[in-house]
Amino acid sequence: MRFIEPKNIAKYQDSNKYKIAKSVDFKCGHCSRTVNFLLVWDSYNESSMFTSSRCSGCGEESRFYFVEIKENEQETLTGDLYISPSAELRRIADGVEITEKFSSSMLRAYNSAVNVYNLGEWSGAVVLCRRLLEGITKSLLPESEQNKPLNKQLEVIAGHAELQKPLLTLAHAIRIGGNLGAHFDLEREPDEVVSKYIIDMLDYLIEYLYVLPKRIEELHSHIEELSNKNSER
Ligand SMILES: [Zn+2]
């Protein structure tokens, strides 16, 4: 069961008493497509309500629960909407946090890329991945190199950062995938598969550059503590 955020509610019912969703855009738990579910509430209740709706993609039925119903200041009954079953939503890589090297705007860009991916907007997702790649290269390069085009930045990055060939190849792949989303092309448009590859690669890159060094440091200090403890004996 997954909570449906108000931003996913496309339309509310015309009712003076209830503020309750009439249609929601959400990822189907059966086929993982983001589709519109039309919600028809047969009976109204002040404690909890239930309905079901079929996915326009696969035709399977999802259940919707309206719970935690409360009266707001406008004397309208509002509540929380949940869907079941829920599709797996993608999250940002574990252990990513704001540091000197990974700024809050980079974290925001990363979150946006993942959110747009979860909405099934493949072109948008790869464009945002490419944008974050720009943020990453900028964070690794001196200011004098930061205004070059992204492919040039990646060429010079080898001299400035510990970005070895496999990772550079990976960064180029994200750049190329992002271009596919950014430039209109009737023949080639990123689909779910491309988008998934690109965002997977972005996860690897971020883990390698920002998460792994922190883990290694933690391991070192833990080993240090162990040897201190042993010498105290
Ligand atoms: Zn479906």
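**Figure 1. Contacts of Q153.** Q153 touches T137, L141, E145 and K148, leaving aside residues up to four places away in sequence. Contact here requires C-beta atoms, placed from the backbone, within 7 Å. The model is predicted: local features need pLDDT of at least 70, side-chain atom pairs count only at pLDDT 80 or more, and totals for chains, interfaces and linings use all residues. Residues are numbered from 1 along each chain as its sequence is written. Q153 lies in helix α3. Helices (H or I, at least four residues) and strands (E, at least two) are DSSP runs, numbered from the N terminus. Q153 counts as buried because it has 22 C-beta neighbours inside 10 Å. The cut-offs are 20 or more other C-beta atoms within 10 Å for buried, 12 or fewer for exposed, and in between for partly exposed; C-beta atoms are placed from the backbone. Y12 is 141 residues from Q153 along the chain, and their C-alpha atoms are separated by 48 Å.

**Figure 2. Packing of α3 and α4.** Helix α3 (residues 150-160) packs with α4 at an angle of about 175°. Their axes are 11 Å apart. Axes are lines fitted to C-alpha atoms, for helices over the stretch in contact, and angles run from 0 to 180 degrees between N-to-C directions. The angle makes α3 roughly antiparallel to α4. That label applies over 145 degrees; under 35 is roughly parallel, 65 to 115 roughly perpendicular, and the rest oblique. From α3, L150, N151, L154 and A158 meet L168, A171, H172 and R175 in α4.

**Figure 3. The largest nonpolar core.** This core has 26 residues. A nonpolar core is a set of buried Ala, Val, Leu, Ile, Met, Phe, Trp, Tyr and Cys residues joined through C-beta atoms within 7 Å. A113, A125, C129, L132 and L202 have the most contacts inside the largest core. At least two core residues come from each of α1 (104-118), α2 (122-140), α4 (165-182) and α5 (192-232). α2 gives the most, with nine residues. L132 touches M106, A109, Y110, A113 and L202, not counting residues up to four places away in sequence. Another core, of 11 residues, lies apart from the largest one and includes I20, A21, F26 and I83.

**Figure 4. The sheet β2-β3-β4.** Three strands form this open sheet, with antiparallel pairing. Two strands pair if DSSP finds at least two bridges between them. β2 (9-12) and β4 (34-38) each have a single partner strand, so one side of each is left without a neighbour in the sheet. Neighbouring strands are turned by 15° against each other on average, direction ignored. Strand β3 (residues 21-27) is joined to β4 by five bridges. F26 stands opposite V35 in β4.

**Figure 5. The sheet β1-β7-β6-β5.** Four strands form this open sheet, again with antiparallel pairing. At its edges are β1 (2-4) and β5 (49-54), each pairing on one side only. The twist averages 35° from one strand to the next. Six bridges pair β5 with strand β6 (residues 61-71) in the antiparallel sense. F50 stands opposite Y65 in β6, and R54 stands opposite E61 in β6. The hairpin of β5 and β6 has six residues between the strands, and G59 takes a positive phi near 85°.

**Figure 6. The two domains.** The chain is divided into domain 1 (2-84) and domain 2 (104-228). These bounds come from an automatic or database domain assignment. The C-alpha centres of domain 1 and domain 2 lie 36 Å apart.

Methods: Contact = placed C-beta atoms within 7 Å.
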